[in-house]
2 protein chains.
Amino acid sequence: MHFTELVKTIKERREVLQVTQERLAELSGVGLRTLKQFESGKGNPTLSTLQKLSDVLGMEVCLKIKNVGPSQ
Amino acid sequence: MHFTELVKTIKERREVLQVTQERLAELSGVGLRTLKQFESGKGNPTLSTLQKLSDVLGMEVCLKIKNVGPSQ
DNA sequence: CAGTAAAGTGCATTATAAAGCATTATTTTA
DNA sequence: TAAAATAATGCTTTATAATGCACTTTACTG
């Protein structure tokens with residue numbers, strides 16, 4: 001997933017769960033400014049920030065082997 | 001995946017591919033010091049750093065819904 | 001064991017993520 | 001449409017990630 005997709009995933013998940021940025025910031029311990037910056041596609045969050053947000057949203061950061069198959 | 005697992009995954013993948021830290025640093029554009037720090041379980045890499053390393057190793061950073069099933 | 005390669009660590013500097021605050025813009029809803 | 005809620009942005013400060021360099025430690029390999 002590229003940066004943009006990660007942002008989109010977090011943002012959509014937050015919206016599905018009907019959580020505001022403010023609430024997510026509170027629950028995750030991530031600064032509101034940091035969350036806003038991230039969701040608006042700017043910046044370069046630390047792994048820790050990404051994990052805190054993911055956690056609250058019931059998600060997790062993972063690494064998977066890229067699919068480099070020819071017929072994709 | 002927790003931080004430790006992410007580290008382990010990157011490190012093991014690098015070793016499987018028989019790439020040295022030095023070579024991975026070169027290929028990914030990540031500083032050798034940064035890579036060393038990460039692999040020895042210290043620090044808190046930025047998403048960008050994690051992605052650069054993953055890319056070269058044929059992996060990608062992703063977000064997935066956590067499995068919170070009762071019988072796990 | 002000696003020599004070499006690879007990995008880990010201390011220190012210092014630079015770049016930038018994290019954060020808060022105030023303000024503005026946008027969206028929602030009454 | 002007015003009011004309220006939510007989201008975005010500029011500015012600034014503080015914390016820390018990224019980096020290089022020199023050195024130590026740990027693995028290999030002859």
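Predicted model: local features only at pLDDT ≥ 70, side-chain atom pairs only at ≥ 80, totals over all residues.
Local features need pLDDT of at least 70 and side-chain atom pairs count only at pLDDT 80 or more, while totals for chains, interfaces and linings use all residues. Residues are numbered from 1 along each chain as its sequence is written, chains are lettered from A and ligands numbered from 1 in the order in which they are written, and side-chain values use heavy atoms, with hydrogens and water left out.

The contact (heavy atoms within 4.5 Å) takes 25 residues from chain A and 25 residues from chain B. The area buried between the two chains, that is, the accessible area (1.4 Å probe) lost on putting them together, summed over both, is about 2,700 Å², and carbon and sulfur atoms give 62% of that area. Two salt bridges (a side-chain nitrogen of Lys or Arg within 4 Å of a carboxyl oxygen of Asp or Glu) are counted between chain B and chain A, and in one salt bridge the side chains of A:K66 and B:D55 meet at 3.4 Å, N to O.

Strand 1 (residues 59–65) of chain A pairs with strand 1 of chain B in the antiparallel sense over seven bridges, where strands are DSSP runs of E with at least two residues, numbered from the N terminus, and pairing requires at least two DSSP bridges. Within this arrangement, A:C62 stands opposite B:C62.

Around DNA strand D there are 18 residues (a heavy atom within 4 Å), of which A:Q21, A:R33, A:K42, B:T34 and B:T49 come nearest. Sugar and phosphate account for 57% of the atoms of DNA strand D that come within 4 Å of the protein.

Methods:
Helix = DSSP H or I, 4+ residues; strand = E, 2+ residues; numbered from the N terminus.
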